[in-house]
Amino acid sequence: MRHVGRTSLVDSAIHELRQEITNGVWPVGTKIPTEGRLAETLGVSRLSVREAVRVLVHAGLLTTRQGDGTYVTATDENEVALRRRLDRAATMDIIDVRRGLDFVAARLAAERREP
């Protein structure tokens, strides 16, 4: 076993908020509770909640709307990262990858065909 390090309150809040999102408690499009309510529920300061939300906004899971609240925009950080990467990719690069995937899919379909 190795020594278990301490985690910050912000890291713990990030983990808890991420769990609510990925477990579907807050589906995409849902407005999450206010900072005050989250701070009370998590037992941390509003500043810790604010920082946790900021991290999840940067990760692409949440978005804030000035004067309206914070909303869930995605449930999977990997999907967000892939979407961001594809948005910056050249069209020909995307077409090349798609052709490669089509080739592999056709080969697998041929190998697994049944009468």
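## Exercises around a pocket

The largest pocket holds about 270 Å³ of space. A pocket here is an open set of points on a 1 Å grid over the protein atoms alone, where a 1.4 Å probe fits, with protein on both sides within 12 Å along at least five of seven lines. The volume is the space filled by probe spheres set on the points.

This is a predicted model, in which local features need pLDDT of at least 70 and side-chain atom pairs count only at pLDDT 80 or more, while totals for chains, interfaces and linings use all residues. Residues are numbered from 1 along each chain as its sequence is written, and side-chain values use heavy atoms, leaving out hydrogens and water.

**Exercise 1.** Find out what lines the largest pocket.

*Solution.* Start with the count: 16 residues line the largest pocket, and Glu 35, Val 53, Thr 64, Gly 69 and Thr 70 lie nearest its centre. A lining residue has an atom within 4 Å of a point. Next, look at the elements: H2, helix H3 (46-59), strand E1 (62-65) and strand E2 (69-72) each supply at least two lining residues. Helices (at least four residues) and strands (at least two) are DSSP runs, numbered from the N terminus. H3 gives the most, with four residues. Finally, sort by type: five lining residues are nonpolar, six polar and five charged. In this sorting, Asp, Glu, Lys and Arg are charged, Ala, Val, Leu, Ile, Met, Phe, Trp, Tyr, Cys and Pro are nonpolar, and the others, Gly among them, are polar.

**Exercise 2.** Decide whether Thr 70 is buried or exposed, and list its contacts.

*Solution.* First, locate Thr 70 in strand E2. Then check its relative accessibility: Thr 70 counts as buried because the value is 14%, and buried means under 20%, exposed over 50% and partly exposed in between (1.4 Å probe, protein chains only). Lastly, leaving aside residues up to four places away in sequence, Thr 70 touches Thr 30, Lys 31, Ile 32, Val 53, Leu 62, Thr 63 and Thr 64. Touching means heavy atoms within 4.5 Å.

**Exercise 3.** Describe the surroundings of Thr 30.

*Solution.* Begin with the loop between helix H1 (9-22) and helix H2 (35-42), where Thr 30 sits. With a relative accessible area of 24%, Thr 30 is partly exposed. Beyond residues up to four places away in sequence, Thr 30 touches Thr 70, Tyr 71 and Val 72. To finish, a polar atom of the Thr 30 side chain lies 2.8 Å from the backbone oxygen of Pro 27.

Key: A polar contact is a pair of N or O atoms within 3.5 Å; within protein, one must be able to donate a hydrogen and the other to accept it, and residues adjacent in sequence count only if both atoms are side-chain atoms.
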